[in-house]
Amino acid sequence: MASSSVSVPDVGTSEDAANVAVKDRKEPSATVSQAEETNLRDDEEAKSRFLSTFSAEEGDAIMRKVNRHFFVLIGLMYMIKQIDVNNAANVKVLQVGEPTNIITELHMTSDQYNWVQSIYGIAYILFETPSNLILKRMSPHVWQARIFLCWGIIVACHAAVQDYRSLYTLRFLLGMFEAGMFPGVMAQLSFWYRTDEMGKPVAWFFTIQTFSNIVGSLLCYGISYMNGVRGLSAWRWVYLIEGIVTIFFAGAVFYLLPDYPKSPRSNQWLTAREQEFIEVCLPENAPLTSDPFFSKREIIASLKSPLIWSFMLSQMLVNFGNYALTWYLPTIVTNLGFATLPKNQLLNIPPAGAAIFGLIFSSWFLSKAYIVRPLYIMFIMTGMVVCFVLFFSINSRVGLYVACILGTMFTQAYFIPFWAWRSATLRGSTGAAFSLGFQNAIGQVGTVTAPQLFQQKWAYSGYKQSFAIAAAGTVAAFFANLWTWWLTKGTESEVMRVHRLIRKAKKEGKVFHGDDVKVSEERSFFNRARKRSDIEDQPSGRE
């Protein structure tokens, strides 16, 4: 990366350190748009001086502040989302075989009910990217609060449906209004956390949401005893109660969710020097508060990059298997016959508990920087493939239930390293928002197609054909992740190198301020191979 000679002023520990001006500003990449103002992060010498004024204890204290404002809140946001999305699978087995079961009451077939999740996914695909692009202009706390308010109203309206057409309509509206919540949070976190730190907030994000399976099952179990209260079936009470809770939660999101490190909202709990510290610590490709709201250049660059397509394919294929299991897990557990209605809902809890263990382990393992993240993902993918093969190759009830538990654990553990890995290759504010929104949208093709695997014509065999297809998708996901690892080999080596240096600096009581991750100058395998080839091809007498 070309640079000019810069005269760097002495940086002290006062609040004025946050306003150090760097005259010759550099952009990390021609594809990234930044505001026409000086950024301390853009000059390596000034950045190093500034960070050297912090001790490891000071740096950790600042990030603990950030963690307190994000971890629990974003986890609850995702948990409520998953409860509202997955309740369609849980209510399907409420009062099954009775007149008040949702399928019976709405005069639907099992195949028609599978479209409940697919239609939701179609709307999600259509509106995910536009929603994420609006996020920065509207600010996260406003836009996310709007998302929760609108979808809470739609969930509550589910209680009034009278036929499958109105249910389909509401599921489409639910997908439309929920679109943008997940990628919006992921894009926002990239303003606050380095890629080597991303595993921790993502772990909280996914771990708390995993309780949605436990909370959702317990809610359905408890609400099942309200069947007939005030003339409403239990499944109607599920939607009504969960919708009202979501509406009230929208207010909490509005008042509690931070925006960006240097947003006015951050002045309430961060000093100017602390805000500067957070942004200066970010690698060169990370978005900044001062970035423009929209950059066409970054969108075009994202579409031209093979990374958006490789990550998208990996996510779509993993989602295919994951949603096949998630959608049909309550039915699988019920059909195993271990417990009678409504206690069958409680059997969904052990898989959720295993998922929580997998998520916590992933977060801990990534923090140690033992191996690069894609290699860890390959081990997880191997476990996923084995579990999906078991679904269609064994008949033992106990064996199938164990496969459900382990399959849920592996699929959930996958997303911690995956999203941390993805964050390393995001570039700029618009690029990050667009890439995450577009990738997650197309990745939801797995959400649309997975429920359609469970056609009634395959029920006779316990849906072995369905799980064989899901297993094939998971095998394909294994190779898609290998391809993505190949494309990001240089970046991941850089991240591992810097992560280990950061850990070393912390042990010495310092904040790392050395040579940071160079995404725009990726030390790729291909470049190294090309250089070696050039040397080998030179005549022996040539210098």
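# Exercises on a predicted model

R230 sits in the loop between helix 8 (199–223) and helix 9 (234–256). The model is predicted. Work through each exercise in order.

**Exercise 1. Find where S139 lies, and decide whether S139 is buried or exposed**.

Step 1. S139 belongs to the loop between helix 4 (110–138) and helix 5 (140–157).
Step 2. Its phi is near 80 degrees, a positive value in a residue other than glycine.
Step 3. Relative accessibility of S139 is 15%. Buried means under 20%. S139 therefore counts as buried.

**Exercise 2. Work out how helix 14 (residues 373–393) and helix 15 (residues 397–423) pack**.

Step 1. Take the angle: about 155 degrees, with the axes 8 Å apart.
Step 2. Angles over 145 degrees count as roughly antiparallel. Helix 14 is therefore roughly antiparallel to helix 15.

**Exercise 3. Describe how helix 13 (residues 349–368) meets helix 15**.

Step 1. The two axes come within 7 Å and cross at roughly 35 degrees.
Step 2. The crossing of helix 13 and helix 15 is right-handed.
Step 3. Look at the residues that meet. Helix 13 brings residues including P350, F357 and L359. Helix 15 brings residues including Y401, Q412 and I416.
Step 4. Sort the residues of this contact: 14 are nonpolar, 5 polar and none charged.

**Exercise 4. Which residues have the most contacts inside the largest nonpolar core, and what does F206 touch?**

Step 1. The largest nonpolar core has 100 residues. M77, Y113 and F206 have the most contacts inside it.
Step 2. Helix 2 (residues 56–91) supplies the largest share of this core, 13 residues.
Step 3. Follow F206. Leaving aside neighbours within four places in sequence, F206 is in contact with Y78, F182, L359, Q412, F415, I416 and W419.
Step 4. Now look elsewhere. Another core, of 16 residues, lies apart from the largest one. Among its residues are L325, A403, L453 and F467.

Technical notes: Residues are numbered from 1 along each chain as its sequence is written. This is a predicted model: local features need pLDDT of at least 70, side-chain atom pairs count only at pLDDT 80 or more; totals for chains, interfaces and linings use all residues. Side-chain values use heavy atoms; hydrogens and water are left out. Axes are lines fitted to C-alpha atoms, for helices over the stretch in contact, and angles run from 0 to 180 degrees between N-to-C directions. Helices (H or I, at least four residues) and strands (E, at least two) are DSSP runs, numbered from the N terminus. Angles under 35 degrees count as roughly parallel, over 145 as roughly antiparallel, 65 to 115 as roughly perpendicular and the rest as oblique. A nonpolar core is a set of buried Ala, Val, Leu, Ile, Met, Phe, Trp, Tyr and Cys residues joined through side-chain atoms within 4.5 Å. Buried means under 20% relative accessible area, exposed over 50%, partly exposed in between (1.4 Å probe, protein chains only). Contact means heavy atoms within 4.5 Å. A crossing is left-handed if the near helix is turned anticlockwise from the far one by less than a right angle, and right-handed if clockwise. Ala, Val, Leu, Ile, Met, Phe, Trp, Tyr, Cys and Pro count as nonpolar, Asp, Glu, Lys and Arg as charged, and the others, Gly among them, as polar.
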